[in-house]
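Dear colleague,

My notes on it follow directly after.

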Amino acid sequence: MCRASVAGGFTALVLAISMAIPAEALPSGKSEDLANASIENLMNMQVSSVSRRQKELRSTSAAVYVITSDDIRRSGITDIADLFRMVPGMNVAQSTSSVWAVSARGFNAQYSTKLLVTVDGRSVYDPSFSGVFWNLQNLVLEDIDRIEVIRGPGATMWGSNAVNGVISITTKRASDTTGGLFVADAGQGRPGEGTFRFGQAFGKNGFYRLSARQTTRSNLTTKSGGNGGDSWNSSDLDSRFDWSPSTRNSYILELGTYRGVAGSTQSLITSVNPVTAGTVGLLSTSGSHVLGRWTRVLSDSSNLKFQVYYDASRRAGWGPKTTNTLDLDLQHSFRFGERHNAMWGIGFRDNFNHIDDSLLFGILPERQHTNKSSAFFQDEITVVENKLIVTVGSKFERTSLTGSNVQPSLHLIWLPTSRQSVWVASSRAIRTTNIAERAVHLDLGTFDAGFTTGVVEVFGQPGTKSEELMAYEAGYRYQVTRKFWVDLATFYNNYKNLSTSVSGAPYFTTSSPPLLIAPQYLGNAAGGETYGTELSASYRVSSLLTFRGGYSLLRMQLHADPGTPSTVESPEGQSPRHQIHLGSSLNLTKYFELSGQSYFVSSLPFFHVPSYTRLDSNITWKAPRHSELSLIGQNLLGSHLEYGDTPAVSNLVGRSVFGRAAWRF
Amino acid sequence: MAILSGIKKTGRVLPALLVAILALSIPVDYAAQEQDEYEVKAAFIFNFLKFMEWPQTGASGNFEICILGDDPFEKTLDQLTKGKSAFGRPIQVRRIKDPVEARSCQIAFASSAERAKAAKLIDAVRGTAVLTVGETPEFLHAGGMIALSMDGSHVNIVINANATQTAGIKVSAKLMSLAKPYKSD
């Protein structure tokens, strides 16, 4: 009741504000000002590419949502995973200070397997566990230029694991981040954290920047009101060099490193003889990456991109693990004839994993070397100019773990008027099985078996297969006016070989005393259909006031294979059926900015997590001397639970009100 | 209970706070807004007229700025040039479909969405004094004269001096010094 009234009050307020400001609040002399501006002034003007992006979106035959640097700044959000709450069709659920479950179009899990994430072209999806560790992607949010989120498969371009969605994060060019920036946050739940960045020109045609971020989060609260034991610290250092020696050639070099420690109360067996249950305790993580990219304009109709990166990450504490990835990628885009806009590429990726084997957890052999070679082509064919575009393409991959696969797609877009578009798409995508599903053994927990101790143990199976998706999508976009646009997307997904964990017949070990093992065997014993609709709308009342909103509907119908228990259908109850987002941002004066975001998420029946509404709001004062002061409120409606206890215990996500000081020099 | 009352309190305080801030903020100040990319690009094109000279400026009739195909400016370029003249000739903004139509224009613009037609436009006006304006390095590589390209959140001017010279269009030293030169390698 109370929460509903707050959300209702907020909505009413936002509507009241919108009506109070005339729709055409632009000063009449604006075009006169621009006509009289000097070339120097024009060159120095901060330019927004919103209208261009909306236009580009209008002719995109996929469900795309773009988060701009301005959206990030105004959201008051401090953790990258939380940004995706505003994206229709995506579900974000925070479990602990450092663990988020993030997915698109269902199957949400703490290690969501069907969402591919890249940062400046570097995949941060961990193929050994099939998922993204969001606490390791702790980017300086001020460095992000834009985030493009595609719901639905993107496998033709991005390859395997781009099944339910692709997130591409692009950081700003170093030439856009010259000067210094210092940001400090302190308040509820964050005793003190901050960002420091410095950038400048180097040489004749180059720029660099260095960014550092320190994150410090307090423990959350458990469901029973106790200490969540999940405090999190992370230090991140990133750098980027951009060099354009000529109009035709440009180079990018990125170097990054991080180190973090997070508490985890996930229960585990800590010793086998005697069997003792405990918790994971502290998990420390560290890693580094280096990425280089060369882009060359070959002719007026073609260009070439070559990229190489190396990424190393290490987890210490429970289940020590090292992962090293080397990736090479070449892409050539060119036009031929009047109607073809084509692209092809080849890639090679080498993955090396080392996981220390112990009685409690391991993947044998300890050293796992896998590689993947891939090639793709895509052709965008203009069938009728400015009216009908067909895009056809396919990815071809060969992995050392699973052999060859083909992931084709066909997209069609029709633009009946310059303001409307209708698109349909059909694609195939796979989520490759991983070394854990093939060969893991993990003691998950204990139970009382009467005269002895029972142990739940998970076993990977050598024959696990890749999950397969056939997706059918359709969408409609309508730019009603220059200021108001609507985007509707709908999908029907058909999955085969879904990954499952099924209980086997218990048995006794030959040890003394014997233990009762309750085995869980990993396999592919389910299939299913999901379908849903995502609606988003944006209304720019004036250059001062903007509203954004969205609604998502998701239905999941999974089917256990004959002879398999229906427990494998549990992901049905782990993603919300309904989600609503409403956001507004307002420039009160030249000096004040105000924004508010509210999110409604329906219940997760499987975890008995009730529906909740999250409200964020912040106000920024642009103070003199290039400084800014903000008061940011996250989760203003108070504590609630967002996810279940699988595999890590979920704590209550509490209110956090904190202050921010930012200074540019 | 404590949590509940906390929620109730927030429920009343927060909207009240927002309304208070709003009330204090009137009158609203419109300055310091980000400009739309194409408003700025339209202003650049209009500004070129002050820094360039066309060989047959004695000619009569309208001074035509033509937009090939896709029009990202919508109405901004028309509003900017409404009632204005260049070299004593009234400025007119014209939308064209066929690159060949550009021969009678003084400025011809091809947006990045018209990549396929851009090369044809450049070929069509070769040997005439039509200033070709595009948005990408590829446009210059094909022989285009000026690219209004985005460099992060700023608009950059890149000038292909060889091409303007060949066409007999004079670019002032000031504009040359502000623009980036086009380097083909």
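The term pLDDT denotes the predictor's confidence in each residue, on a scale from 0 to 100. This is a predicted model, in which local features need pLDDT of at least 70 and side-chain atom pairs count only at pLDDT 80 or more, while totals for chains, interfaces and linings use all residues. Residues are numbered from 1 along each chain as its sequence is written, and chains are lettered from A and ligands numbered from 1 in the order in which they are written.

Confidence

For chain B the mean pLDDT is 81, with 79% of its residues at 70 or more. Residues 1-11 of chain B have a pLDDT below 50, and this stretch makes 17 contacts in the model beyond near neighbours in sequence; two residues are in contact if their C-beta atoms, placed from the backbone, lie within 7 Å. Residues 23-32 of chain B also stay under 50, with 10 contacts beyond four places in sequence. Chain A has a mean pLDDT of 90, and 95% of its residues reach 70 or more. Its residues 1-28 remain under 50, and the model gives them 45 contacts beyond four places in sequence. The model as a whole scores ipTM 0.77 and pTM 0.86.

Chain A

Eight helices and 36 strands make up the secondary structure of chain A; helices (H or I, at least four residues) and strands (E, at least two) are DSSP runs, numbered from the N terminus. The radius of gyration of chain A is 25 Å, close to the 26 Å that the globule rule gives for 665 residues, so chain A is as compact as a globular protein of that length. That radius is taken over C-alpha atoms, and the rule is 2.2 Å times the number of residues to the power 0.38. Along the principal axes, the C-alpha atoms of chain A fill a box of roughly 90 × 60 × 50 Å. Of its 665 residues, 44% count as buried; a residue is buried if 20 or more other C-beta atoms lie within 10 Å of its own, exposed if 12 or fewer, and partly exposed in between, with C-beta atoms placed from the backbone. Among contacts in chain A with a separation of 6 or more, 61% join residues 24 or more positions apart.

Chain A contains an open sheet of five strands with mixed pairing, in the order S2-S7-S8-S5-S6. Its edge strands are S2 (63-68) and S6 (122-123), each pairing on one side only; two strands pair if DSSP finds at least two bridges between them. S7 (residues 144-151) and S8 (residues 165-171) of chain A run antiparallel and are joined by seven bridges. Ile147(A) has Ile169(A) in S8(A) as its bridge partner.

Chain B

Helix H4 (residues 115-124) of chain B is mostly covered, with seven of its 10 residues buried. Leu121(B) and Ile122(B) are among the buried residues of H4(B). The elements covering them include strand S16 (321-336) of chain A, together with S3 (63-68), S6 (107-110), S7 (131-134) and helix H5 (137-141) of chain B.
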